[in-house]
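This report examines a helix pair and the sheet beside it. Please consult the sequence and the structure shown here.

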Amino acid sequence: MSRVKDLSARMLDDAVRLRTERDLGLVAEIDAPDGIDIVGGARYYAQPDGESCEFAVTIVDDWRGWGLASRLMRELIQAERARGLQRMEGFVLAGDRAMLGLARRLGPP
């Protein structure tokens, strides 16, 4: 992982536009005084091999530790299995002990 100085139009499009025939995006939202706040999100991108996908999860700081990432990941795993994908991969920062622990718990037996 590294910082991107300039985001190309294609990179931006890939980041914000789901290809619903192969990708899945989820959001966790709560009621807020001014409408709805998004407090977490998860997504997978199916890879061209047709067997694997890459996942990403993000949770708002105030909502970490409540099991939200676990719930979102379980939903992603269920959906990727239903679509016939065999493997889910993701990049996790070495210092993100919570996500590493979650990946171990949800990973293959």
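Ser70 is part of helix α2. Its relative accessibility is 17%, so Ser70 counts as buried (under 20% relative accessible area, with a 1.4 Å probe and protein chains only). Leaving aside residues up to four places away in sequence, Ser70 touches Leu102 and Leu106, where contact means heavy atoms within 4.5 Å.

The model is predicted, with local features requiring pLDDT of at least 70, side-chain atom pairs pLDDT 80 or more, and totals for chains, interfaces and linings using all residues. Numbering starts from 1 along each chain as its sequence is written, and side-chain values use heavy atoms, without hydrogens or water.

## Packing of α2 and α3

The axes of α2 (residues 68–82) and α3 (residues 97–106) come within 11 Å and cross at roughly 40°.

Ala69, Ser70, Met73, Arg74 and Ile77 of α2 meet Met99, Leu102 and Leu106 of α3. By class, this contact has six nonpolar, one polar and one charged residues.

## The sheet

Four strands form an open sheet with mixed pairing, in the order β1-β2-β3-β4; two strands pair if DSSP finds at least two bridges between them. The edge strands, each pairing on one side only, are β1 (23–32) and β4 (87–89). From one strand to the next, the twist averages 25°.

Strands β2 (residues 35–46) and β3 (residues 52–59) pair in the antiparallel sense over seven bridges. Cys53 in β3 is the bridge partner of Ala46. Helix α2 lies across β1, β2, β3 and β4, and runs at about 40° to β2.

Terms used. Axes fitted to C-alpha atoms, helices over the stretch in contact; angles between N-to-C directions. Helix = DSSP H or I, 4+ residues; strand = E, 2+ residues; numbered from the N terminus. Nonpolar A, V, L, I, M, F, W, Y, C, P; charged D, E, K, R; others polar. Buried < 20%, exposed > 50% of the residue type's maximum accessible area, 1.4 Å probe, protein only.
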